[in-house]
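Here are my notes on the model you sent over. Have the structure open while you read.

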Amino acid sequence: MSLSVETVATKPYDGQKPGTSGLRKKVKVFTQANYTENFVQCILDANGAALAGSTLVVGGDGRYYCKEAAELIVRISAANGVAKLLVGQNGILSTPAVSSLIRHNKALGGIVLTASHNPGGPENDFGIKFNCENGGPAPDAFTNNIYQLTTGIKDYKLVRGLQIDISKVGVTTYDVAGKPFVVEVIDSVANYVRHMEEIFDFAKLRDFVSGKSTGKPLKMRIDAMNGVTGSYVREIFLNRLGASETAVVHTTPLPDFGGLHPDPNLTYAKDLVDTVAKGDYDIGAAFDGDGDRNMIIGSKAFFVTPSDSLAVIAHYLEAIPYFQKNGVQGFARSMPTASAVDLVGKKLGKEVFEVPTGWKYFGNLMDDGRLCLCGEESFGTGSNHIREKDGIWAVLAWISVMQHTGKSIEDILKLHWSVYGRNYFTRYDYEECDLEPCNEMMATMEKNVTAAEFVGKSYTSSGKSYKVKQADNFSYTDPVDKSVATKQGLRIVFDDGSRIVMRLSGTGSSGATVRLYIDSYEKENVLGQASVMLKPLIDIALEISQLPKFTGRNAPTVIT
Ligand code: G6P
Ligand code: ZN
């Protein structure tokens, strides 16, 4: 039976502007009549002529509304001339898995259903993000185009009668207005696991994890936080690497993440931190809802900052077969990320890039063969094996480094600092503030710090003095396509290289979240406590920004 295409009249919704990582709103916003339909139609339209006959990947982190949205995308794609969809079983695919699938299948792109680390459930967040054919998040020009289209949309296309069961793996071919349309429901983990096996030496890691090569099993605690990584974690760490059942927790993806806030940091992954703090584990790790973020802690919950994690992996790339095979190109980090990796890059004679916040900014450099490893302070680490950050990849990288060095995580870090010096780093988040005063705060601070007399000023707190060397609102020119991103965060750099960075989050779904990043480098004094070492600079940042006055907050919501 041939299915017919219907054109449904609609009206634009305000505010369908993708943020740092796609469109994120409350579920209640997405479930308004035609809201999701409009946005999906505009994503497809933004692909222009390339859409007809294309293959797309569809999947998400399993949060509330994922399955419904996936089915809707199937019906809208069928109506818009897409030839084939690869859909994760039950709508489940981690963000790194989508990126890998797009690349392996030479798809035109993928639609990722996630609000990443934001809480899920009917009262919480949902999100839709488009990734392009390189497997990475759509660049600014593309998402701006999507947004423009949403402001003028008049109708969308739909194959209403298309029946689909995405709970079963298999291929179904439909006849849509005389043309074949294929939906392939795929095993959510198989392709990704194969990809990891190509990158890492699983046989070696299995011997290490099981204790065959060392005489004692590696004691791991991997916390999937009820997000999408659960199924991947079980297959990789239990089935392939032979870890014991007790090594993994929260591995059932739940629509509301079981009430957890699936953001792997010291605040939201408290359960992991408290458990590992007792001293019974060699490594603890957690991921966010869609599996692209990671947190690594060592025995007794020894915290590895994401900036240090990146630098250490960069130093030991030879421990990972992928890099032996493909060579080592440059490194990169986002601007607010502490510059520990720069020192490794310098030592190895590699290019190091500083890009705005957002994984999409790494893509061009990778496609151009200039970048192989990058990371962000926001618990993102990854390589050019895909075009997203990759939480499980990061844990496999760390286990490879542990196997390679035979050292504990704490000893690996201490050795690293003794060679390179240490970048003390912290981030203060002030979540759900009122937007207006935050905008005003940023505008006032920008004016103050970019005034001519600001450079050269000295600030003193708790006996430490810092002299301003440079201050700006960070802007970035992509070295490959020369596109320019402006106003990416206020940055004050002091004489000794220490930095204060402040920006508003681009991933929230309501209000404003202020992020204050503090980065301070010490060559010799590397074993101090970060909170103590950074206190003077934090006080100076609060003084310069007048944050308490503008936001009414005396303390951050989250410290990482
Ligand atoms: C997402 C992106 C990251 C980015 C982060 C920033 O996780 O994938 O690349 O660093 O958002 O979030 P923010 O809330 O600081 O804009
Ligand atoms: Zn994420």
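The points below go from the domains to the sheets and then to the ligand.

1. Ground rules. This is a predicted model, where local features need pLDDT of at least 70 and side-chain atom pairs count only at pLDDT 80 or more, while totals for chains, interfaces and linings use all residues. Residues are numbered from 1 along each chain as its sequence is written, and chains are lettered from A and ligands numbered from 1 in the order in which they are written.

2. Domains. The chain splits into domain 1 (2–188), domain 2 (191–420) and domain 3 (422–559); the bounds come from an automatic or database domain assignment. Between domain 1 and domain 2, the C-alpha centres are 29 Å apart. Their contact uses 28 residues of domain 1 and 32 residues of domain 2 (contact: C-beta atoms, placed from the backbone, within 7 Å). On the domain 1 side, helix 4 (residues 95–104) gives the largest share, eight residues. That side has eight nonpolar, 17 polar and three charged residues (Ala, Val, Leu, Ile, Met, Phe, Trp, Tyr, Cys and Pro count as nonpolar, Asp, Glu, Lys and Arg as charged, the others, Gly among them, as polar).

3. Strand 11. Look at residues 220–223: Met-220 and Ile-222 point one way, Arg-221 and Asp-223 the other, and all are buried (20 or more other C-beta atoms within 10 Å of the residue's own, all placed from the backbone). Strand 11 pairs in the parallel sense with strand 13 (residues 283–287) over four bridges, with Met-220 partnered by Ile-283. It also pairs, again parallel, with strand 12 (residues 248–249) over two bridges, where Asp-223 meets Val-249. Pairing needs at least two DSSP bridges; strands are DSSP runs (E, at least two residues) and helices likewise (H or I, at least four), numbered from the N terminus.

4. Ligand 1. Which residues are closest to ligand 1? Trp-359, Ser-378, Ser-505, Gly-506 and Thr-507, out of 14 that surround it (C-beta atom, placed from the backbone, within 6 Å). The shell divides into one nonpolar, 11 polar and two charged residues.

Note on methods. Contact = placed C-beta atoms within 7 Å. Buried ≥ 20, exposed ≤ 12 C-beta atoms within 10 Å, placed from the backbone.
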